Amino acid sequence: MEFLRMASPSIIPNDRLDKDFYLVLEDFHAGPAFRETDEGISHSTLIADLLSGQYDQVLRVVAFNPVEGWSRDASEDIARTLERKAAEGYEIPDALKDFIEGQLGRKIGVQLALPLART
């Protein structure tokens, strides 16, 4: 016998879920944990929060969109955005520098040498 499973409607309206969300994995004294965030934290809000020192020991940033059905590690993208902010003159908290440099694999602002073309 085959059962037909009916999908139950979500109690959360789709318009509240159809956006990108960000979670920050932070290293606390008791161990890593995802920090609570507001529902509406956007990419720009997250960057502003990071620059203002609201996070101490960032390990990873995870982005997801429930309606589109995806999630990914956004750590490198966030680190690149923060590096651009540093180049624009924004002060980067010391704890955040470790995250950026760890994600980029180099010091902030250091360009990797490009090989010279041979003629």
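**Salt bridges in close-up**

Eight salt bridges are counted in this structure, which is a predicted model. The legends below describe three of these contacts.

**View 1. The salt bridge between Glu76 and Arg80 in helix 3.** The side chains of Glu76 and Arg80 meet with a nitrogen-to-oxygen distance of 2.5 Å. Both residues belong to helix 3, which covers residues 75-87. They stand four residues apart, a spacing of about one turn of the helix. Glu76 is partly exposed, since its relative accessibility is 38%. Arg80 is likewise partly exposed, with a relative accessible area of 34%.

**View 2. The salt bridge between Lys85 and Glu88.** Here the closest N and O atoms lie 3.9 Å apart. How accessible is Lys85, and into which class does it fall? Its relative accessible area is 23%, so Lys85 counts as partly exposed.

**View 3. The salt bridge between Lys107 and Glu101.** The side chains of Lys107 and Glu101 meet with a distance of 3.8 Å from N to O. Is Lys107 buried or exposed? Lys107 has a relative accessibility of 53% and so counts as exposed.

How values were computed
Residues are numbered from 1 along each chain as its sequence is written. This is a predicted model: local features need pLDDT of at least 70, side-chain atom pairs count only at pLDDT 80 or more; totals for chains, interfaces and linings use all residues. Side-chain values use heavy atoms; hydrogens and water are left out. A salt bridge is a side-chain nitrogen of Lys or Arg within 4 Å of a carboxyl oxygen of Asp or Glu. Helices (H or I, at least four residues) and strands (E, at least two) are DSSP runs, numbered from the N terminus. Buried means under 20% relative accessible area, exposed over 50%, partly exposed in between (1.4 Å probe, protein chains only).
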